[in-house]
Amino acid sequence: MDKLRQKAKELLSNNEVQIVVGYEEGTAGKARPAFISSPDQADALIYDERCIHNLAVYLTQHKLSGNTKIAIIASFPVMKSIITLASEKQLDENFIKVIGISKDNNIIEFKDFADIERYINQQDLTFTPEELALIEKIDAMSMEERWEYWQNEFSRCFKCYACRSACPMCYCTLCITDFNQPQWVSVPSHKQGNFEWHINRAMHLAGRCIGCDECSRACPLDLPINLLTKKLSMDIQKQFGYSAGQSLTEPYALSTYKPDDKETFIR
Amino acid sequence: MSNPNIYKPYLMKIDKVTEEAPFVKTFRLKFTNEEESANFKFRAGQFGEYSVAGEGESTFCVASSPTREGYIECTFRETGRVTSALAGKEEGEIIGFRGPYGNTFPIDEWKGKNLLFIAGGIALPPMRCVIWNCLDLRENFKDFTIVYGAKTVNDLVYKHELKEWEERTDVKLITTVDPGGETPDWKGEIGFVPTVLEKADPSAENTIAIVCGPPIMIKYTFPILEKLGFKDTDIFTTLENRMKCGFGKCGRCNVGKVYICKDGPVFTYAELKQLPAEY
Amino acid sequence: MATENYKLLKKESLPALFDKLTASGKTIYAPVKKGDKTEFDVVTKYSNDINDEYIQTVQSLKETVFPKVEKLFDYKSDKTDTFIQEVDFSKFPQNVLWGLHPCDVAAFRPLDATFRWDYDDKYFLTRMKLTTVVGLSCSKHDDYCFCSSVDISPASSDGSDIMLTKNKAGDYLVEIITEKGQEVYDMAKELFGEISDDKESYITDVPKKFDLTQLSKNLDGSFEAPYWLAQSMRCIGCGACAYVCPTCTCFDLQDEGSANKGSRIKCWDSCGFGHFTLHTSGHNPRETQSQRWRQRILHKFSYMPDRIKVFGCVGCGRCSRACPVDMNLSEHLTKIMEESKHE
């Protein structure tokens with residue numbers, strides 16, 4: 001942590017960056033995102049296993065736009081989010097300095113996004129046993145059981161959109177839910193409106209989700225929203241060999257046509 | 001009616017549709033229920049929520065004068081979901097109306113004074129109600145001046161009424177279009193409204209100014225009025241903001257602690273100056 | 001510390017009381033254990049899953065008087081005629097809200113003040129009239145609670161029809177506050193006894209974090225203060241805080257259906273959403289999150305007390321617990337007090 005604080009102080013003092021986005025102590029022993037804008041505030045920065053928020057979500061928000069240079073403390077999921085955002089041309093490398101944290105809590109000063117891409121591909125990128133188990137549990141259900149399971153979950157949703165707001169990949173300035181000519185997604189949080197929202201979001205994130213689980217963590221009602229996008233990520237990897245967050249240049253599977261694409265979904 | 005349902009609209013039949021300008025229409029609306037028609041009262045400056053079943057509601061002022069009984073009128077530009085649906089409606093069809101909401105122009109306080117109306121583009125409709133209200137009580141006021149401008153000749157709304165006002169000897173009408181907006185046979189002024197206003201050099205003595213227009217026009221008009229000697233308590237305007245309920249509960253339209261739907265939409269320039277920069 | 005006389009409701013009488021309430025046609029909402037959390041749920045019978053020692057639930061019971069989705073009316077329309085079918089107000093349910101803490105009970109006051117401000121919201125008022133509130137004093141609190149800072153006591157019966165306090169025997173000291181409370185008592189007199197006990201001794205002490213009157217004064221004229229931007233940096237602009245809040249009333253009006261047949265619906269909305277104040281023209285008076293955060297605080301702690309004489313916060317702490325990025329409301333308010341001191 002000391003090295004992190006030192007680095008932050010250094011970057012801010014040299015005016016290499018104007019804001020460091022990291023974590024600080026929050027309420028009741030939790031961590032929370034922090035925005036450090038001067039060296040004397042840098043001692044508030046922390047990094048430990050409580051620091052799980054995906055900070056990449058702030059990279060596409062208004063408050064950090066313009067000429068502000070940002071340093072961002074990047075855990076592994078944050079690194080993958082940055083690569084995905086960069087591959088979708090949402091970030092300007094010249095304004096973002098990424099300070100990665102390795103699995104053994106060391107600082108990695110990435111030179112550029114290509115550096116991050118290299119680092120990511122040196123790590124184990126397979127789905128963890130826990131993730132596989134969660135998906136298998138749903139896969140093992142019959143169609144009726146699955147329908148009932150999701151009906152139960154979605155009936156609890158009250159459309160606060162915390163899932164959307166917390167997801168780095170949900171950066172559309174006009175979300176599909178905001179469209180009213182026509183109103184693609186119903187506004188009220190009745191069952192139909194909730195299904196429309198979650199299915200839409202899952203499809204818009206298909207193959208773009210890097211599995212940080214921020215959506216279900218942000219959900220005040222603990223809905224397992226992450227399972228939808230995780231399942232689709234697995235499917236897209238199987239079908240197209242494409243995974244988000246691993247390449248700056250490989251085009252997104254669902255917006256690319258290759259003659260040798262498997263077409264097993266068309267019968 | 002005791003225990004009324006504040007969300008339930010009146011059902012109004014479209015009595016007349018007038019195309020004012022490209023994408024701008026006026027509807028004359030009559031109540032389908034005679035009892036509601038007889039009991040309905042409103043005052044100049046108030047607004048309503050006009051709805052199309054299945055699409056939603058949209059906020060416009062009541063553009064007709066309360067001195068004309070039996071109907072109300074609204075003028076709107078086709079901009080979004082509800083206004084597009086309204087624009088597709090024909091004479092004889094039914095739309096909804098909730099209102100009247102908001103405060104009013106204090107016409108009684110203006111008796112014995114000169115009146116100066118300044119409007120730009122699609123902002124003439126909110127002024128039309130108070131212009132006709134005062135014209136219908138013409139003997140109560142002294143000089144009556146209207147300065148109205150739009151981008152082009154085609155964009156001027158209420159063209160037939162402008163002609164009426166021009167021909168009246170008890171009204172001084174100055175119309176203008178933006179430079180480049182004139183047609184070869186245009187006989188009015190050419191220039192932005194604030195410029196034309198300054199050129200007209202109206203007297204501030206015993207005069208009330210009522211201004212409505214796009215933000216850019218208002219921004220340049222207020223200083224000119226102050227330069228001409230108008231007190232900021234004698235300058236009136238009508239604001240608009242994003243609204244839904246129209247009666248102060250949905251939380252959208254407040255500017256600081258002032259609710260445009262309840263404390264407005266009519267404000268004096270003095271009151272406007274007190275508002276925080278949130279509109 | 002004073003011993004006074006109370007009615008007594010023994011724990012073992014609860015099943016019978018719940019049965020009577022259900023039999024009389026009332027729908028009971030009670031705090032029910034769900035895993036390691038407690039949530040309000042509809043119950044027809046008393047069970048041991050009902051938790052009378054919870055600190056706070058995730059969601060409030062605001063939805064019983066201000067539903068998440070409320071149908072206002074149905075409409076049927078063709079080219080020349082439209083019919084509006086109002087909902088049947090006589091079918092609204094009679095609810096008993098059991099075991100609400102004083103903060104939640106107090107929340108009905110700002111709801112009432114908003115929904116009756118100059119125009120009476122028939123939907124809210126009808127539901128409120130059919131609601132009986134059984135309050136439950138607090139024997140515990142956590143870091144997020146700040147009722148005392150908004151002048152609400154964890155023992156307050158203000159707004160309850162009946163007030164319960166759990167004593168050391170696990171039974172309840174009962175205070176009958178209103179006529180509605182008297183009706184419940186009269187319906188089940190034989191289940192109630194008498195007791196002399198010291199209510200105060202069972203109430204937790206929630207330390208005050210700030211002074212409300214002083215806060216309100218400090219917020220006056222704070223519109224251009226720099227702390228709005230600093231505080232709102234991590235806010236992600238979701239609606240979690242507004243939706244779990246027992247006093248937030250922002251709503252949307254939506255038509256659903258076709259041009260010929262459908263309904264108009266009132267549903268929850270949040271001033272924190274980016275497009276809440278967006279004009280069709282594209283202009284947005286509150287286009288940054290800091291402007292929206294400022295609106296949230298000023299509306300609850302400055303505009304509401306100024307216009308409708310009631311604060312828009314009861315210190316329940318739900319917003320802070322639910323916030324994905326820990327926008328701790330009482331922490332922000334305390335910081336505002338500190339920053340204002342230096343001016």
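In what order do the eight strands of the open sheet in chain C run? I looked this up first, bearing in mind that the model is predicted, and I found the order S3-S2-S6-S7-S8-S9-S1-S10, with mixed pairing. I noted strand S3 (37-43) and strand S10 (192-197) of chain C as the edge strands, each of which pairs on one side only. From one strand to the next, I read an average twist of 30 degrees.

Next I turned to one pair within this sheet, strand S6 (residues 94-100) and strand S7 (residues 131-136) of chain C, which run parallel and are joined by five bridges. For Asn95(C), I found the bridge partner in S7(C) to be Thr131(C). I then looked at helix H5 (residues 179-187) of chain C, which packs on the sheet and touches S7, strand S8 (162-166), strand S9 (172-176) and S10 of chain C; the direction of H5 makes about 125 degrees with that of S9(C).

I also looked up where chain C meets chain B, and found 43 residues of chain C in contact with 33 residues of chain B. On the chain C side, S11(C) gives the most, with six residues, and the residues of that side divide into 17 nonpolar, 14 polar and twelve charged.

Last, I followed the largest nonpolar core, which has 234 residues and in which Val20(A), Ile72(A) and Ile82(A) have the most contacts. Helix H3 (residues 124-135) of chain B gives the most to this core, with seven residues. Leaving aside its neighbours within four places in sequence, I listed the contacts of Ile82(A), among them Ala56(A), Leu91(A) and Phe113(A).

Note on methods
Residues numbered from 1 in each chain as written. Chains lettered and ligands numbered in written order. Predicted model: local features only at pLDDT ≥ 70, side-chain atom pairs only at ≥ 80, totals over all residues. Core = buried A, V, L, I, M, F, W, Y, C linked by C-beta atoms within 7 Å. Buried ≥ 20, exposed ≤ 12 C-beta atoms within 10 Å, placed from the backbone. Helix = DSSP H or I, 4+ residues; strand = E, 2+ residues; numbered from the N terminus. Contact = placed C-beta atoms within 7 Å. Nonpolar A, V, L, I, M, F, W, Y, C, P; charged D, E, K, R; others polar. Pairing = 2+ DSSP bridges. Axes fitted to C-alpha atoms, helices over the stretch in contact; angles between N-to-C directions.
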